[in-house]
Amino acid sequence: MTMTDPVSDLLTRIRNASAAKHDSVDVPSSKLKLEIVRILKEEGYISNFILNQDNRQGMIRIQLRYAAGKTPVITSLERVSRPGCRVYAGKGDIPSILGGLGVCILSTSHGIFTGKQAKEKGLGGEVLCSVS
C-alpha cells in the first residue's frame with residue numbers, strides 16, 4: 001500500500017505515541033522527515049532521534065520528551081499544507097503560532113526551516129506543519 005502523505009504519517013505517529021505516553025516511536029525514514037525531526041529536536045519538542053540504517057529505507061527512532069508527571073511537551077502537532085490543499089506563505093506572511101510560543105515548519109527553496117529562520121533569511125515557502 002502506498003502512502004500519499006508521509007509528513008502527515010510522521011506527525012500522526014508522534015501525536016499518537018505522545019498521547020499513549022510511549023518513550024519512543026519508530027518512523028520510516030526520508031530526507032524530509034529527518035529535517036522535520038531535526039527541527040523538532042533543535043526546538044526542544046523531542047529529546048533525541050536516531051537513524052537506523054538497513055538495506056531498505058531505514059527507520060528513525062524518535063525519543064519523545066515529557067514534562068513533570070509524564071505530561072507531553074508537544075500539545076499540538078498539526079499538518080497545515082496537505083496534498084489536496086497546499087498552503088504557501090510569502091516572507092511577510094509566515095504565520096505566528098501561539099504568539100511566538102509555537103513553531104511553524106516551512107519548506108523553502110533553500111531547505112526546511114522554522115518560521116523564524118525563514119523570516120531572518122527573507123524566505124517564503126510551503127507551510128508544512130505547526131507545533132506547540
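**Ground rules.** Residues are numbered from 1 along each chain as its sequence is written, and side-chain values use heavy atoms, with hydrogens and water left out. Since the model is predicted, local features need pLDDT of at least 70 and side-chain atom pairs count only at pLDDT 80 or more, while totals for chains, interfaces and linings use all residues.

**The sheet.** I looked up the strands (DSSP runs of E, at least two residues, numbered from the N terminus). Three of them make an open, antiparallel sheet in the order β1-β3-β2. β1 and β2 (46–52) are the edge strands, each pairing on one side only. Neighbouring strands are turned by 20 degrees against each other on average, direction ignored. Pairing here needs at least two DSSP bridges between two strands; β1 and β3 (residues 59–64) have five. In β3, arginine 61 sits opposite aspartate 26.

**The helices.** Next I checked the helices (DSSP runs of H or I, at least four residues). α1 (residues 6–19) lies across β1 and β3, at about 165 degrees to β1. α2 lies across β1, β2 and β3, at about 150 degrees to β2. These angles run from 0 to 180 degrees between N-to-C directions, with axes fitted to C-alpha atoms, for helices over the stretch in contact.

**Serine 29.** I found serine 29 in the loop between β1 (24–28) and α2 (31–42). Is it buried or exposed? Serine 29 counts as buried because its relative accessibility is 8%, and buried means under 20% relative accessible area (1.4 Å probe, protein chains only). Beyond neighbours within four places in sequence, serine 29 has contacts including Leu34, Leu51 and Met59, where contact means heavy atoms within 4.5 Å.

Definitions and conventions: Buried < 20%, exposed > 50% of the residue type's maximum accessible area, 1.4 Å probe, protein only.
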